[in-house]
Amino acid sequence: MGTQLASWLDEHWDPGLTVREWWGRLACAGLSLPQLPECAGGRGWSREQVVARDDLFARRNVVAPPTGLGVLMGAPVVAGAGTSEQVGRLVPPLAAGVEVWCQLFSEPGAGSDLAGVSTRAERDGDEWVVTGQKVWTSGADVADRGMLIARTDWDVPKHRGLTYFVIPMDQPGVEVRPLRQMNGEAHFSEVFLDGARVRDADRIGDVGGGWSVALATLAYERAGLSDERHAGVNVPAGERNGLLDRTCAHVLAHVAERPAGSPDDPASAAALMALAERCGRASDPVVRQRLAAVWSLEAIAEWTRGRVQAEVSAGREAGPGAATGKLAWTTRLALVRDLCLELLGPAGMLDGPNAPDGGRMQRLALSIPSASIAGGSDEIQRNIIGERVLGLPKDVAVDRDVPFREVRR
Ligand SMILES: Cc1cc2nc3c(=O)[nH]c(=O)nc-3n(C[C@H](O)[C@H](O)[C@H](O)COP(=O)(O)OP(=O)(O)OC[C@H]3O[C@@H](n4cnc5c(N)ncnc54)[C@H](O)[C@@H]3O)c2cc1C
C-alpha cells in the first residue's frame, strides 16, 4: 500500500494546483475519507492504513485532505445511518472540501444533558420547520450545513422524541451571532432558528430515532477531537473560507496550520522541549521529568486513539474508550499549560508583539480550559467510565421515563 500511495502522490500532487483541484483529486481517488466504505466514496481502510497515509502526506508536506466537523462526524454518521441517496448526495461535498458542517446540538438549557434539547421541528409537507436556540456552535459562521437534533415529539420521554437533520445554514430562518472567548477568538456562535426549513429528505434516521444518531456523532467527536495528527498541512475547507481557488503553494506559504506533533505545534512535547531550551531550563531535572510526562502521555494518547478508532471503524460503540482518550488528552493539555507558563515566568503574562513567540503559548494557555468542556466535559467522561467500565451506580435521572412535555412545563 505504501509504495502505491507514494506513486499516486508522485503522479497527482502538484503545489501549482488550486486547493479545489487537489481535494477533488483526493476525493476521486477515495483518499479524502479512506476509512469510509467504498460505497460511501472511501476505500474501507483500517486505522493503520489511514495513519500510514497521514505520515506519508505529512512527510511530503502536502496540503492535508479536508478536515472539520463534517468530515470528522458528519460523513461517517451519514455513511452509517443515512440512505444510499443521502450518502451519494451529502458525503461527496465534504470529501471534496467544498462544504463545511457545524454541530447544532448544545442549547442554553441542554449541554451535558443533551437529550433535554427543546428546539422543536414541526412537519410541514415535505419539509420541517425548526424553531429554537443553539449555542457554542463551532464554525457556525462559515458552515454550509448543520447537524441538528430537534424535538419532534413532546409526549414521549426525552430520549425518544428527538430527530436528526442536516439543515442548510444559509437561509432567512437561521441567524448566527459569534461569541468571543477569552483567547480573543470567536471560535463558536449562538445560532437562532426561527422558522428555519429543512427537507424531510435531509432527515438522517427515523422520526423519533435521533438519539442513536446523535450518540454515534458524539462517539466520532470524542474519538477524533483529541487526534492532533495532521495528514499534511491543514487548510480551512469550504467556499466561505475563500481558499479553494488559491494554489496549494500559496496556502502552504501563507495560511496553513502547522502540523501537530512538530515543534510548530505549541501543544506538542517537541515544542515544550524547544521552549525549555530557549529558557535555559532544559537540564533542570524537575523540568525534564515533567517534559517526560507530557511526552509519555502524547504516546499513550496515540495508542488509546488507535484502539478507539479501530472499535469505531468496526461499527462497535466507542463509549468508554473514547471517554478515556478524551480525558487523557485534557490531562496532558493541563500539564502542557502549567509547564509552558512556568517556563515563561513573568513573560507568560504578555501578549502581542512583546510576548515571546508573538504570544502563541499564552493563547494556547487561554484556550486549553475549553478542551475540558467541548465534546462533553471531563466530569461527563468520568461518569461514562464510572458507569460503563467500573459498574458504579448510574447518575440519578428523575426525568428518564417522563413525557418531555411534563419535564419542561
Ligand atoms: C470550545 C467549545 C466548542 C464547542 N463546540 C460545540 C459545537 O460545535 N456544537 C455543540 O453542539 N456544542 C459545542 N460545545 C458545547 C459543549 O458540548 C458543551 O459545552 C458541553 O457539553 C457542556 O454543556 P454545558 O456547557 O451546557 O454545561 P452544563 O451541562 O450546564 O454543565 C455545567 C457543569 O456541570 C457539570 N455537570 C453537568 N452534568 C453533570 C453530571 N451529570 N455529573 C457531573 N457533572 C455534571 C459539567 O461537567 C460542567 O462542569 C462546545 C464547547 C466548547 C467549550
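Reply:
**The ligand shell and the packing beyond it**

By class, the shell around the ligand holds 7 nonpolar, 12 polar and 2 charged residues. In this scheme Ala, Val, Leu, Ile, Met, Phe, Trp, Tyr, Cys and Pro are nonpolar, Asp, Glu, Lys and Arg are charged, and the others, Gly among them, are polar. The model is predicted: local features need pLDDT of at least 70 and side-chain atom pairs count only at pLDDT 80 or more, while totals for chains, interfaces and linings use all residues. Residue numbers run from 1 along each chain as its sequence is written.

The shell comprises 21 residues, and the closest to the ligand are Phe105, Gly111, Ser112, Ser377 and Glu379. Helices (H or I, at least four residues) and strands (E, at least two) are DSSP runs, numbered from the N terminus.

At the level of domains, the shell takes at least three residues from each of domain 2 (101-210) and domain 3 (261-389). The remaining division of the protein chain is domain 1 (2-97); the bounds come from an automatic or database domain assignment.

Taken over C-alpha atoms, the centres of domain 1 and domain 2 are separated by 27 Å. Across the boundary, 12 residues of domain 1 contact 9 residues of domain 2, where contact requires C-beta atoms, placed from the backbone, to lie within 7 Å. On the domain 1 side, helix H4 (69-81) and helix H5 (84-95) are the elements that give two or more residues. H4 gives the most, with 7 residues. That side divides into 7 nonpolar, 5 polar and no charged residues.

H4 and H5 also pack on each other, at an angle of about 165° and with axes 9 Å apart, which makes H4 roughly antiparallel to H5. Axes are lines fitted to C-alpha atoms, for helices over the stretch in contact, and angles run from 0 to 180 degrees between N-to-C directions. Angles under 35 degrees count as roughly parallel, over 145 as roughly antiparallel, 65 to 115 as roughly perpendicular and the rest as oblique. H4 passes H5 in a left-handed crossing; a crossing is left-handed if the near helix is turned anticlockwise from the far one by less than a right angle, and right-handed if clockwise. In H4, Gly70, Val71, Gly74, Ala75, Val78 and Ala79 meet Gln86, Val87, Leu90, Val91, Leu94 and Ala95 of H5. This contact has 9 nonpolar, 3 polar and no charged residues.

H4 has a further partner in helix H6 (residues 210-225), with an angle of about 140° and axes 9 Å apart. H4 is therefore oblique to H6, and H4 passes H6 in a right-handed crossing. Here Leu72, Met73, Pro76, Val77, Gly80 and Ala81 of H4 meet Val213, Ala216, Thr217, Tyr220, Glu221 and Gly224 of H6. By class the contact of H4 with H6 has 8 nonpolar, 3 polar and 1 charged residues.

Another helix pair is helix H1 (residues 2-12) with helix H3 (residues 47-60), whose axes come within 11 Å and cross at roughly 40°. H1 and H3 are therefore oblique to each other, and H1 passes H3 in a right-handed crossing. Gly2, Leu5, Ala6 and Leu9 of H1 make this contact with Ala52, Arg53, Leu56 and Arg60 of H3.

Technical notes
Two residues are in contact if their C-beta atoms, placed from the backbone, lie within 7 Å. A residue is near a molecule or strand if its C-beta atom, placed from the backbone, lies within 6 Å of it.
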